[in-house]
Each structure stands twice: as C-alpha cells, then as structure tokens.
Amino acid sequence: MEIRDFGKKYSDYVIAMRRQFHAMPELSLQEYKTCAKIIEELGKIGITGEVIADTGVIAAIKGGKPGKRVALRADIDALGVTEQTGAEYASRHPGVMHACGHDAHIAMLLGAARILYDIKDELAGEVRLMFEPAEEIAKGAKKMIAAGAMDGVDSVFGMHVWSDIPAGKISVDEGSRMASADFFTIEIEGKSCHGSKPNQGVDAIVAGAALVTNLQTIVSREINPLEPAVISIGEFKAGEQSNVIAGHAHLSGTTRAFTNELRDALPEMMERVIHFTGEVYRAKMTLNYDMGSSPVINDALGASVAKQAVIDAVGEDALYHYEKTPAGENFSEYLRMAPGCFAFVGVRNEACNAIYPQHSCYYTMDETALIGGSMVAAQYAKNFLSMSN
Ligand code: NI
C-alpha cells in the first residue's frame, strides 16, 4: 500500500487526536499528562514510548531491513493564553491553550507513526519519533539533544502548522526558513538629581533614548541591506517622578537573523554601540545577551527529499512557496546536527474561521489538512531510508 492511500484510513484518527490533546494543554516543562497520553497512544499502535528530557517522549519503529535512521519530531507544549474559540473541545486547563498548534503536531506525528507501523516491513532502517517539550521557551531541543535524542540520526524532519498558508498546501523550501531568536537586557546606571539641575546628575532616560536610536543604526547602516535582521527593544523602564532625573533605566529586547554568521556577530556590534553611547552620556551601560535558538535552515538534501515526499504523498499541487519568517523555532538545533527539513503545513481556511495568527486566543485550523502532514512525514522517512541504501 502506498502512503498516499492512507489518507482515508487515518484522517479521522488524526483529527480526534488533535482535539483530545487540544483539550489538555500544558505549559513548557510541565507536559506530564501530555507525555503519559502520547505513550498510551503509541502503545495502542504497538510502539513503546519512553520519557526523555523529563517531559518529552522518544520511540522507535524498526524497519524490516537494516539501514539508516531518520527522526521525525513534534513539539508538544502549549501557551499561557486563555482560549476564546468556544470550541467543544476547547482547553479544560484555565489560562493555558494550544494556541500555536502543537496539539496538531502531536496528532500528525501519531498519524505518521500509524502509517509507518503499518508498512514497517518495507522500511530499511529505523524511524525515531521525537516528542519535544518546551519549544515555546526555546529549551526543548537542547534538552532532547543532551539526552541523546539525535544520537545516530542521519536525517531529521519536522513540521509546523501555519496560519498564513492555505489548507492543503505545504512549504518545504530550501534555505533559511525561520530566524534566530535571541534575547537581551541592558542596564543603564546614571545618577539621579533634581529635575531643575540635570547637570548635577547623569540622566539614564536621555542616555537610554539615545541608545535605542543608536542600536537601530546597526540594522540600517552596518548590516548588508540584502540580509534581513531585527533589533527590537520591547521594554524601557525608568524614572519615578516628573521633577527627578532618573538614575537607572532597564531595557530588554530581542534580535533576529537568518544566518548563523550574522546571528553570532550581533552581540559584538551591540556591545560596541552600547559601550560608546554610555561613554558619550557618562552612563554605565551593561549588556546581558541570552542565546535562544539559531535560524532554521533547510539544507539542499533535506529540502529535496521533502519535496519528493510531498509529491509522492499528497501530490505536486500541494507544493507551496512561502517566504521565510522572522519567528523563531528551536528545530534549528536538530538541523545543526543532521541534514533535514522543516515544513510549514497550511491550515488557513476562512470557511472554518481558521484565519487567526499563531498564538491568538482565537487560533484554530482546518483539521482536514492534518492528515496531509502525517502522510508527508511518513513519506519523508520512507524515502530517506530507501534512498540511503
Ligand atoms: Ni509553535
């Protein structure tokens, strides 16, 4: 049986799974019930799942013949959002919602597991199933890798349902797909004094205002205009009273880049601007830079295997070119260890009100598109394993 013929058999199963996981969302690093249910569902298929990285799950489907190892990954955590969809399967956990679609990722991977288990005798090698916790806080992939999830893996494939792409379409483009997502804080130490005599102090607000502007010139004047980058200050806290010069300011923000080279260069550029702006304004400025996740970059091999998988499993019409996006995704950590592909699975459909962006309290999806993701993931695994023999 070809993988494209499994659509009817498992579509209802994948939708039912998505709804069950949707109703029981858990925050990052607290995915205990989610893990227990994943292991239970894998058990029903005949697959033994094990807890890994505290709140993740790992499992294997062994093929009938020896060969390489391919990993399929789903992230499983939810967000601190209060659901407003009114769906009958809406979150039963107050203040927590699968608003990014990771419920669908679990369901699609379980669907792929069913398909692959059915055809396991034809597979040459092993399929590893990775259910990753804590993606939303960019910690899960590193934890999974540290626990050995990528050991011996020859290729890796992951998917994200995507509200900007029409249901039934899938993007598996080569190259940069998502940006790095790093975070920073800046502390500015000035000296407070009377607002009528600013010369007797050091104004942290004026220094901070200059710094915000100067930092923007890194992107506009220093970085190649053909290479996208973002430096955003999202927080600027300073001052207490209208006639007091602020002695301290606290800023925080995030950076984005689509190559590892630029991502790694950003902290030094910022450090220089921060240091000399501080000198100019006689304030002490300190940068704390926290590396979050690197950019998601699909290599040529992974993208071509995925493209063929889309064609084989759901048809060439499903292929969709989607421009890269500056959101972050820690799937990048796996792609730094093995060739592979990160796919965007379209779920947008006005007819079922699936028009809201990821992380919205109204977020929903055209669930009929999910089985396509399962089939493409299964096909990626099958094709990669057969190719490497
Ligand atoms: Ni997500």
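Tyr362 is partly exposed, with a relative accessible area of 40%. Partly exposed is the middle class: buried means under 20% relative accessible area and exposed means over 50%, worked out with a 1.4 Å probe on protein chains only. Keep in mind that this is a predicted model, so local features need pLDDT of at least 70 and side-chain atom pairs count only at pLDDT 80 or more, while totals for chains, interfaces and linings use all residues. Residues are numbered from 1 along each chain as its sequence is written, and side-chain values use heavy atoms, with hydrogens and water left out.

A pair of aromatic rings is described by how far apart the centres are and by the angle of the planes. Here, rings of Phe, Tyr and Trp (its six-membered ring) pair if their centres lie within 6.5 Å; planes under 30 degrees apart are called stacked, over 60 edge-to-face, and the rest tilted. The count by that rule is eleven aromatic pairs. Take Tyr10 and Tyr13: their ring centres are 6.3 Å apart and their planes at 65 degrees, so this pair is edge-to-face. Tyr362 has Tyr356 as a partner in a tilted pair, at 5.2 Å centre to centre and 35 degrees between the planes. Tyr356 is partly exposed too, at a relative accessible area of 26%.

Tyr10 and Tyr13, in contrast, are both buried. They sit three residues apart in helix H1 (residues 7-23), which puts about one helical turn between them. Helices (H or I, at least four residues) and strands (E, at least two) are DSSP runs, numbered from the N terminus. Ring pairs also build a cluster, made up of Trp162, Tyr322, Phe331, Tyr334, Phe342 and Phe344.

Tyr13 has the charged end of Arg114 over its ring, 4.4 Å from the centre, and Lys120 lies over the face of Tyr117, 4.1 Å from the ring centre. For that label, NZ of Lys or CZ of Arg has to be within 6 Å of the ring centre and within 35 degrees of the ring normal.

Now for the metal. Which residues coordinate the nickel ion? Cys100 (SG), His102 (NE2) and His160 (NE2) do, at 2.2 to 2.3 Å. Their spacing along the chain reads C-x1-H-x57-H. Cys100 comes from the loop between strand E3 (65-75) and helix H3 (102-118), and His160 from strand E5 (residues 155-166), so the pair ties together parts that are 60 residues apart in sequence. Both Cys100 and His160 are buried. Donors are N, O and S atoms within 2.8 Å of the metal (3.2 Å for Na, K and Ca), and since water is not among the atoms, sites may look incomplete.

On a 1 Å grid over the protein atoms alone, a cavity is a set of points where a 1.4 Å probe fits but cannot get out, whereas a pocket is an open set with protein on both sides within 12 Å along at least five of seven lines; lining residues have an atom within 4 Å of a point. Grid points are joined across faces, edges and corners, and a volume is the space filled by probe spheres set on the points.

The largest pocket holds about 300 Å³. Of the 17 residues lining this pocket, Glu135, Glu136, Ala327, Gly328 and His359 lie nearest its centre. E5 and strand E8 (181-189) each give at least two residues to that lining. His359 belongs to the loop between strand E15 (340-348) and helix H9 (370-387), and is partly exposed, with a relative accessible area of 39%.

The structure has one cavity of 30 Å³ or more. The largest cavity comes to about 50 Å³, and its lining includes Leu72, His105, Phe157 and Ala377. E3, H3 and E5 are the elements that supply two or more residues of this lining.

Finally, a look at the backbone. Most residues other than glycine have a negative phi. Leu29, in the loop between H1 and helix H2 (32-45), has a positive phi of about 70 degrees although it is not a glycine. Ala134 has a positive phi as well, near 55 degrees. Ala134 sits in the loop between strand E4 (124-132) and helix H4 (140-146). Is each of these residues buried or partly exposed? Leu29 is partly exposed at 32% relative accessible area, while Ala134 is buried at 0%.
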